[in-house]
Amino acid sequence: MIPRVVVAAPSSGAGKTTVAVGLMAALRRAGHVVAGFKVGPDYIDPGFHAVATGRPGRNLDAMLSGEERVAPLFAHGAQGADVAVVEGVMGLYDGALGTEGFSSTAHVAKLLRAPVVLVVDAAAAGRSVGAVVQGFVAFDTEVRIVGVILNKVGSDRHEAEVRAGVAPTGVPVLGVLRRDTRVTVPSRHLGLVPADEQREQAELAVDAAAELVRQGVDLEAFVAAARGAGELVTTAWDADAEVTPAEEGRPVVAVAGGPVFSFHYTETTELLTAAGADVVRFDPLRDPLPEATSALCLGGGFPELHAEALSANEPLRRQVASEIAAGLPVIAECAGLLYLCRELDGHPMTGVLPAAARMTGSLTLGYRTAIAATTTAFFDEGRRVRGHEFHRTAVTLDDAVDPAWYLPAGTEGVARPRVHASYLHLHWTASPDVPARLVAAARVHAGLEK
């Protein structure tokens, strides 16, 4: 099994994304073929992983995919690489609320039998960093913390003090990164702005992180730690084994992309392709629907940041509304839901759904267990799924509709026979019949089947 390390931190904000991305890019520049992964449902960091590694970024989420799929998905995504870097989420032991760390970075590290390198923000501490490291080592002895990277160290004297605190723990210091104002903006972009939205800035951010890591981290020691990962016996996940394509004809499934619709799990396209579709990406800011589109997949993103520009592509808005009225099957998640509304922050959208969307001051975030409230071409009523919500918008319905989901807080989304639109993001590896059913609906719409 491929050498691998999980890059974790005591808490959010310690700089693990900058370090993880910098490690991926620096290792690639040193001649390694690097596979990058992100623990949890986050879409943004894997976009930077892709820039850093030159390979698709992927997620490992025990809640969304099921813990039994974590190792197979890792093996699938790591094929052809000689080292893997897995970026953690939040603090090392922080998992789904109300659980004992389920789907946490530590949980995934144990599922992968992977060693952990802890990134510690030393900006406001000296010898006390040693106590932090010792506490994290002792908290769960099944988690192997094999190294520490000290971040935001101010001076040689500060470094010596922090090293002295860590030394009694026996955990080696693999790197020291100094405070550097040049990476302040890249770090902000790594955390907040999708790579697809500002590609040039993303590349500059990755370059800055790579140089910071090259100067401050012992890459040979890091790779040696990765080679110390435990034996992992698993079978790589394979999209072709999850779905069965029809023998003849491949309908076109259009997948929205570009700066607005940048949230997609890599396996989504792989499953659609394996199910027998020709997947064609398009940018709703400027493109029409791809020729011969027979189904539409509208993923997540930040349409509220581009509402005016999205609305300005009036030919596409009219085309989408017309095609859906004619029976075009569509699955829409979050940004896709907003695009199907009548308006978003006063800007006209497609008007497919009798609803208006607006930005709010509150954040809706977290895992959800949902039950399908209405039978559609893609879900049967009563189907239970696990998903994730992340949005600051709200949707107000003009008329009564059939809801997409029952959630603990009530109903959510809109369901029609061939339209399923909601805020909920799913990882289709846990529900491979969903992309298969979308492709089957596309075949019917294209006239390939009755």
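Colleague: What are the helix and strand percentages over residues 253-431?
Modeller: Over that stretch the chain is 18% helix and 38% strand. Its end C-alpha atoms are 18 Å apart. Keep in mind as we go that this is a predicted model.

Colleague: And what does UniProt list for residues 253-431?
Modeller: The record, an unreviewed entry, lists them as "domain: CobB/CobQ-like glutamine amidotransferase".

Colleague: Which residue does the "active site" annotation cover?
Modeller: That UniProt annotation, again from an unreviewed entry, covers Cys 334. You'll find Cys 334 in the loop between strand S11 (330-333) and helix H15 (335-340).

Colleague: Is Cys 334 buried or exposed?
Modeller: Cys 334 counts as buried, because its relative accessibility is 4% and the cut-off for buried is under 20%.

Colleague: Which residues is Cys 334 in contact with, leaving aside neighbours within four places in sequence?
Modeller: Gly 300, Phe 390, His 391, Ser 422, Tyr 423 and His 425.

Colleague: Let's switch to the sheets. In what order do the seven strands of the open sheet come?
Modeller: The order is S3-S2-S4-S1-S5-S6-S7, and the pairing is parallel. At the edges sit strand S3 (58-60) and strand S7 (173-178), each pairing on one side only. On average, neighbouring strands of this sheet are turned by 25 degrees against each other, ignoring direction.

Colleague: How many bridges are there between S2 and S4?
Modeller: Five bridges, with strand S2 (residues 34-39) and strand S4 (residues 83-87) paired in the parallel sense. If you'd like a spot to look at, Ala 35 stands opposite Ala 84 in S4.

Colleague: Which strands does helix H2 lie across?
Modeller: Helix H2 (residues 44-53) lies across S2, S3 and S4, and runs at about 170 degrees to S2.

Colleague: Okay, on to Asn 151. Where does it lie?
Modeller: Asn 151 lies in strand S6 (residues 145-153). With 8% relative accessibility, Asn 151 counts as buried. A polar atom of the Asn 151 side chain lies 2.9 Å from the backbone oxygen of Ala 14. Leaving aside neighbours within four places in sequence, Asn 151 also has contacts that include Gly 15, Val 119, Asp 121 and Leu 177.

Colleague: What do S8, helix H12 and S9 make?
Modeller: A right-handed β-α-β unit, with H12 covering residues 266-274. Strand S8 (residues 252-256) and strand S9 (residues 278-282) pair in the parallel sense over five bridges. Within that pairing, Val 253 has Val 279 in S9 as its bridge partner.

Colleague: Which residues of H12 are buried?
Modeller: They are Thr 266, Glu 267, Thr 268, Leu 271, Leu 272 and Ala 274. These buried residues pack against S3, helix H4 (70-78), helix H11 (239-242), S8, S9 and helix H16 (433-445). Just after H12, Gly 276 takes a positive phi of about 110 degrees.

Colleague: One more stop: which helix is His 107 found in?
Modeller: His 107 is in helix H5 (residues 105-112). His 107 is buried, with a relative accessible area of 13%.

Colleague: Which side chain does His 107 join in a polar contact?
Modeller: The side chain of Glu 67, with a polar contact of 2.9 Å. Not counting residues up to four places away in sequence, His 107 touches Ala 62, Glu 67, Gly 101 and Phe 102.

Colleague: Great, thanks for the tour!

Notes. Residues numbered from 1 in each chain as written. Predicted model: local features only at pLDDT ≥ 70, side-chain atom pairs only at ≥ 80, totals over all residues. Heavy atoms only, no water. Pairing = 2+ DSSP bridges. Helix = DSSP H or I, 4+ residues; strand = E, 2+ residues; numbered from the N terminus. Axes fitted to C-alpha atoms, helices over the stretch in contact; angles between N-to-C directions. Contact = heavy atoms within 4.5 Å. Right-handed = clockwise from strand over helix to strand, strands pointing away. UniProt positions renumbered as here; feature names shortened; annotations may be inferred. Buried < 20%, exposed > 50% of the residue type's maximum accessible area, 1.4 Å probe, protein only. Polar contact = N/O pair within 3.5 Å; in protein donor to acceptor, adjacent residues only side chain to side chain.
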